[in-house]
Amino acid sequence: MVQAFKAVLPPSLMGKVLGQLETLSKTQTRVESGLSDAELEVLRLLAQGATNKEIARQLFLSERSVKRRVQGILKKLEVSHRAQAVIAATRRGFI
C-alpha cells in the first residue's frame, strides 16, 4: 500500500514560496520572450484592449513612452500590429 505524502507549510511560508514562484515565472517569461518587464506590462494591457492613452494613465507614463514600448514589442515579436503582438505573445505563452 502506498501512502500519499502531504507536506503542510505554514501560511506565512506558503506566501513566501508562492511569491518566489511568481518571480521565477516572470523572469523566465521575460528571458524567453526577449521583452523587458516594462514591455511585458504594456503587452498585458494591450491584450486587455487598452489604448496607448489608457496604458499611459495606468502606468504613469507619457503616451510617447508607451508608443516606444509598443514599437519595441512589435519589433521583438516580429509583427506589424498590436493585435498580432497579442496573438503571438499568447501563442508563445508570454501572456
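**Figure 1. Leu74 in helix α4 of the predicted model****.** Leu74 is part of helix α4, which spans residues 63–77. Its relative accessibility is 16%. Leu74 therefore counts as buried, since the cut-off for that class is under 20%. Beyond its neighbours within four places in sequence, Leu74 is in contact with Val79, Ser80, His81, Arg82 and Ala85. Two of these residues, Arg82 and Ala85, fall in the range of helix α5, residues 82–91. Leu43 stands 31 residues from Leu74 in sequence. In space, the C-alpha atoms of Leu74 and Leu43 are 9.8 Å apart.

**Figure 2. The crossing of α2 and α4****.** Helix α2 covers residues 37–47. The axes of α2 and α4 come within 9 Å. They cross at roughly 95°. An angle of 65 to 115 degrees counts as roughly perpendicular, so α2 and α4 fall in that class. From α2, the contact draws on Ala38, Glu39, Val42, Leu43 and Leu46. From α4, it draws on Arg69, Val70, Gly72, Ile73, Lys76 and Leu77. By class, the contact of α2 with α4 holds seven nonpolar, one polar and three charged residues.

**Figure 3. The packing of α3 against α4****.** Helix α3 comprises residues 52–59. Its axis and that of α4 are 8 Å apart. The packing angle is about 110°. α3 and α4 are therefore roughly perpendicular to each other. Their crossing is right-handed. On the α3 side, Asn52, Lys53, Ile55 and Ala56 take part. They meet Glu63, Val66, Lys67 and Val70 of α4. By class, this contact of α3 with α4 has four nonpolar, one polar and three charged residues.

**Figure 4. The buried and exposed faces of α5****.** The buried residues of α5 are Ala85, Val86, Ala88 and Ala89. Seen down the helix axis, they fall within an arc of 165°, so they line one face of α5. Elements covering these buried residues include α2 and α4. The face turned away from the buried side carries Ala83 and Arg91, both exposed. Ala85, one of the buried residues of α5, is also in contact with Leu74.

**Figure 5. Gly93 after α5****.** Helix α5 runs over residues 82–91. Gly93 follows the helix. The phi of Gly93 is positive, near 80°.

Notes
Residues are numbered from 1 along each chain as its sequence is written. This is a predicted model: local features need pLDDT of at least 70, side-chain atom pairs count only at pLDDT 80 or more; totals for chains, interfaces and linings use all residues. Side-chain values use heavy atoms; hydrogens and water are left out. Buried means under 20% relative accessible area, exposed over 50%, partly exposed in between (1.4 Å probe, protein chains only). Helices (H or I, at least four residues) and strands (E, at least two) are DSSP runs, numbered from the N terminus. The arc is that of the directions from the helix axis to the C-beta atoms. Contact means heavy atoms within 4.5 Å. Axes are lines fitted to C-alpha atoms, for helices over the stretch in contact, and angles run from 0 to 180 degrees between N-to-C directions. Angles under 35 degrees count as roughly parallel, over 145 as roughly antiparallel, 65 to 115 as roughly perpendicular and the rest as oblique. A crossing is left-handed if the near helix is turned anticlockwise from the far one by less than a right angle, and right-handed if clockwise. Ala, Val, Leu, Ile, Met, Phe, Trp, Tyr, Cys and Pro count as nonpolar, Asp, Glu, Lys and Arg as charged, and the others, Gly among them, as polar.
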